Amino acid sequence: MNSNITRVALGIAAVAVAVLLLIVLKDDGSGGEETTSTPTTTKSTSGTTKSPPTGNEIPTIVVKGGKPVGGVRDLSFEEGDRIRFEVESDVSDEIHVHGYDLMKDVEAGGKVSFDFPATIEGVFEAELEERKQPIAELTVNP
Amino acid sequence: MSGFLLPMAHALASRQDLPIPAWLFAWGASIVLIVSFFALSVAWRTPKLERDRWRPVGAGFSGVLLGRPAQLLCGAAGVFLLGVAVYSGLQGTEAPDRNFALTFIFVTCWLGFPLFSVVFGDVFRPFNPWRAIGRAIGGAFTAIAGQRPAHLTYPDVLGRWPAAIGLLAFVWLEVVYGTSGGVAVGVSPQTTATAALLYTTYTLAMMALFGVEKWCRTGEVFSVYFGMFSQLGAFGVKDGRLGRRLPLAAASHWATVPGSLAMVIASIATTSFDGAQEGAFKGGIEQTFDWLAGTGLSLTASLRLTDTIFLLLCFAGVAAIYLIGVRGMETVRGAPPLKKLRSGFAHTLIPIAFAYLVAHYFSLFVFQEQAQFTYLLSDPLGTAKTDLFGTASGGVDFNLLTANAIWYVQVGALVIGHVVGLTLAHDRATAYWGDFRQAARSQYWMLAVMVSFTCFGLFLLSASNS
């Protein structure tokens, strides 16, 4: 009987600790959720036309000698955002954004821009297809 | 940042999972703790899973499912599909996501069979292409020579060790050897096909030496690995008859063969390594890689060596956690000898191994199976020239699963695996310790082991891709 009471007490203690942990951590983790922008209704993922920069700096990935300068670039977006970035390359190759399955050719010494809606959540790679060289990792958070 | 640029590419995983958010991590960990304490308070006092209460299903049903025509059909299908995979690997495109071989072997079979084995029983056995070839050759030999082929006696001390080592080798090929060193599958279709041919030669040789069924029970990696998961389910074959049994109960006698513990530890370790290499271990891997590359080794050799070291560290780490738990249980009054304890609780890790698989590969499986049954089926070589079933233009809908859905499946799998593991461990303890109090005391140790694995699993999910 006594040991049962001990167990129940331990159980309650565990619940209390768990709830406390939850409150402490939840505040931290879900802070970004409130600021999620309204999801886009655009279905098309082929809209990769160049568009003028709108306020925010468009990140540019510079490729030198077939490798991204400064390593594989991490870019983060919220679902519903527009994913915009530019690639400046000194080699000619095809840039492939996985998952969204977008491809664009880049000339040696040329520059291409990507601009498409973030409709799929997850982590996706952009790579130089011929060289199988990743240049950016796109994270789309819900 | 790494001084050298790690050659990494995500050959198969076009969409990778987002790390689970902190609040879900906390939820998962809290539920694990609450469930564990709850389990202690409702625990039963006499073993319930030591006997599996196997009952045969209808003879007609069993006869059709296990009869000779079905065996021939399934065996032939297995051999044919292995042939298609090898042919695609050798003759098809180098693009990993467009070649039938990689998705079929590493996703459809490697991840699909554990799932189906848990639900339906040992479904790999009838489809096992090597068993089918081995039996066909054995049958032909018997018909020509007029006597059954003679075999060497398999050294029983080896037990399932060949399969456990084979499992490490398979995953090493999958995630370490491939020069792209990427997530999920880094190896090329050509290498995969060559490896499959080598494995076929090796397996047939071993079957010739020790007998087909004997080798399937002990050394054939896939039979032993998928068979391990089938022990959790409610269906099993005894004396050529299909039957229903108490779920989980069959697992309690699985680990009596030597090497079984190594098998289940290898399973957890390999999944952990694959889950951690881009997340939790990324820093360590980069440092070791830099150091090795700095000593003059080639980049590829450095990466392979680094990954091999971390894979073995995972194996050692998982083994250490389990063995500490066993040592702890040994201190409880009335404990059986260490050797018996060590193998006696090995099966309690099978649900953890399965939960790890689901947590780490669920989304890959859902996405890649869409490819398997559309363009990979119609255009196995990936040449864009064939369209066998008219599905070559199909694709993968990456919106099929939201990030939230994936997270809940991942955390749910770990929590359920944890509960099932605890259940098996508690049941075994009541069988080993006559005194319930001592049995319960011994289980504080296994509880610690299980909580470690589950929280480590959650941690890996929260740190993936960092």
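How many of the 142 residues of chain A count as buried? The share is 24%, where a buried residue has 20 or more other C-beta atoms within 10 Å of its own, an exposed one has 12 or fewer, a partly exposed one falls in between, and C-beta atoms are placed from the backbone. The model is predicted, with local features needing pLDDT of at least 70 and side-chain atom pairs counting only at pLDDT 80 or more, while totals for chains, interfaces and linings use all residues. Residues are numbered from 1 along each chain as its sequence is written, and chains are lettered from A and ligands numbered from 1 in the order in which they are written.

Chain A contains one helix and nine strands; helices (H or I, at least four residues) and strands (E, at least two) are DSSP runs numbered from the N terminus. Along the sequence, the pattern of chain A reads α-β-β-β-β-β-β-β-β-β. Among the contacts in chain A with a separation of 6 or more, 67% join residues 24 or more positions apart, a contact being a pair of residues whose C-beta atoms, placed from the backbone, lie within 7 Å.

The axes of α13(B) (residues 282-294) and α14(B) come within 9 Å and cross at roughly 135°; axes are lines fitted to C-alpha atoms, for helices over the stretch in contact, with angles running from 0 to 180 degrees between N-to-C directions. That makes α13(B) oblique to α14(B), since angles under 35 degrees count as roughly parallel, over 145 as roughly antiparallel, 65 to 115 as roughly perpendicular and the rest as oblique. On the α13(B) side, the residues that meet α14(B) include B:Phe289, B:Leu292 and B:Ala293. The residues of this contact comprise nine nonpolar, three polar and no charged, with Ala, Val, Leu, Ile, Met, Phe, Trp, Tyr, Cys and Pro taken as nonpolar, Asp, Glu, Lys and Arg as charged, and the others, Gly among them, as polar.

B:Ser302 counts as buried because it has 21 C-beta neighbours inside 10 Å. Leaving out residues up to four places away in sequence, B:Ser302 touches B:Phe289, B:Leu292, B:Ala293 and B:Leu297. By contrast, 47 Å separates the C-alpha atoms of B:Ser302 and B:Tyr432, which are 130 residues apart along the chain.

A second pair is formed by α7(B) (residues 129-145) and α9(B) (residues 189-210), whose axes come within 10 Å and cross at roughly 45°. This again is an oblique arrangement of α7(B) and α9(B). Here B:Trp130, B:Ile133 and B:Gly134 of α7(B) meet B:Thr200, B:Thr203, B:Leu204 and B:Met207 of α9(B).

The largest nonpolar core has 147 residues, of which B:Leu167, B:Val264 and B:Ile265 touch the most other members; such a core is a set of buried Ala, Val, Leu, Ile, Met, Phe, Trp, Tyr and Cys residues joined through C-beta atoms within 7 Å. Beyond its neighbours within four places in sequence, B:Ile265 is in contact with B:Phe315, B:Val318, B:Ala319 and B:Tyr322. Another core, of seven residues, lies apart from it and includes B:Met206, B:Met207, B:Phe210 and B:Cys216.

Two loop residues complete the picture. B:Asp239, in the loop between β3 (235-238) and β4 (241-244) of chain B, has a positive phi near 50°. With 6 C-beta neighbours inside 10 Å, B:Asp239 counts as exposed. B:Ala384 lies in the loop between α17 (375-378) and α18 (403-432) of chain B, and its phi is near 65°. B:Ala384 counts as exposed because it has 12 C-beta neighbours inside 10 Å.

Terms used: Contact = placed C-beta atoms within 7 Å.
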